[in-house]
Amino acid sequence: MKYIKFYKKILVIGGLMSCFNACKKDNYAPPTNKFTGRVVYQGTPLGLKNNNGGTVYFELWQGGYGKSGAINVYFNQDGSFSDLLFNGTYKMVIPTSQGPFMSIENPETHTDTIPLVLTGDKTMDIEVMPYYMINNAKFIIGADSVVTASCSVKKIITDTNAKDIQFVALYVNRTDFVDDNNSFVSNTIAGGDISDMNNLSFTAKIPTNIANANIGVGKQNYFYARIGLKIVGLDDMLFSDVVKVSL
């Protein structure tokens, strides 16, 4: 009987200690270090798609702490990112399936893995190699509410990793979230129809009424536009900056 009571005490003490440890884990303070930056090519941020906070991401891996997965950090449509992290040592990787660009070999690791040490807030740009760059994007609204856009496109990767253009397009939306899924009017040029990469132009007429949206020229006198470039074989498009255009 004495042994039974003894074992019961052990179980109660063990249970209390487990509860105490679990409570300690649950009560850890949340991370407060701000890790911010942009994805860039030679210092110029790359425009990406925005879909509820972004669709292109990079991974942060941290050893220890019983973790088995990566922390995904998403880029915004202007190429910026922001996350809150604990102090520590991380490994940063952009998966090969992400973005209209290729990763660059890191001089320290000699791979596409970028070492990251956080001891507080940190701002860092991530340099990549895009397949193309959209330059000199300009937008004007002329007579009859027609948006005219122009740009030049430069092929950056020209070696065996080069890829063709599937299409280039003008997108116009009511809000400043603009891409192939967030636009009410667009105009597309197929890659095979591009004769001069230095002189691309598009036009798109803003309708007086937009079905099921109750917006149009009579309801709003400003809109947002940007140019997108789809690369053959890649899901993620490259975009120019978002520009506000007024009637």
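## Lysine over a tyrosine ring

Lysine 244 lies over the face of tyrosine 222, at 4.5 Å from the ring centre; a charge is taken to sit over a ring if NZ of Lys or CZ of Arg is within 6 Å of the ring centre and within 35 degrees of the ring normal.

This is a predicted model, in which local features need pLDDT of at least 70 and side-chain atom pairs count only at pLDDT 80 or more, while totals for chains, interfaces and linings use all residues. Residues are numbered from 1 along each chain as its sequence is written, and side-chain values use heavy atoms, with hydrogens and water left out.

## Aromatic pairs

The structure holds 9 aromatic pairs (rings of Phe, Tyr and Trp, the last by its six-membered ring, with centres within 6.5 Å; planes under 30 degrees apart are stacked, over 60 edge-to-face, the rest tilted). The pair of phenylalanine 35 and phenylalanine 58 is edge-to-face, because the planes stand at 85°, with the ring centres 6.4 Å apart. This pair links distant parts of the chain, 23 residues apart: phenylalanine 35 belongs to strand 1 (residues 33-41) and phenylalanine 58 to strand 3 (residues 57-61). Strands are DSSP runs of E with at least two residues, numbered from the N terminus.

Phenylalanine 75 and phenylalanine 81 also form an edge-to-face pair, with centres 5.9 Å apart and planes at 80°. Ring pairs link Phe35, Phe58, Phe75 and Phe81 into a cluster. Phenylalanine 35 is buried at 0% relative accessibility (buried means under 20% relative accessible area, exposed over 50%, partly exposed in between, with a 1.4 Å probe and protein chains only). Phenylalanine 81 is buried at 2%.

## Serine 240

Serine 240 is placed in the loop between strand 17 (238-239) and strand 18 (243-246). Its relative accessible area is 5%, so serine 240 is buried. Beyond neighbours within four places in sequence, serine 240 is in contact (heavy atoms within 4.5 Å) with Ile134, Ala137, Phe139, Arg226 and Ile227.

Definitions and conventions. Helix = DSSP H or I, 4+ residues; strand = E, 2+ residues; numbered from the N terminus.
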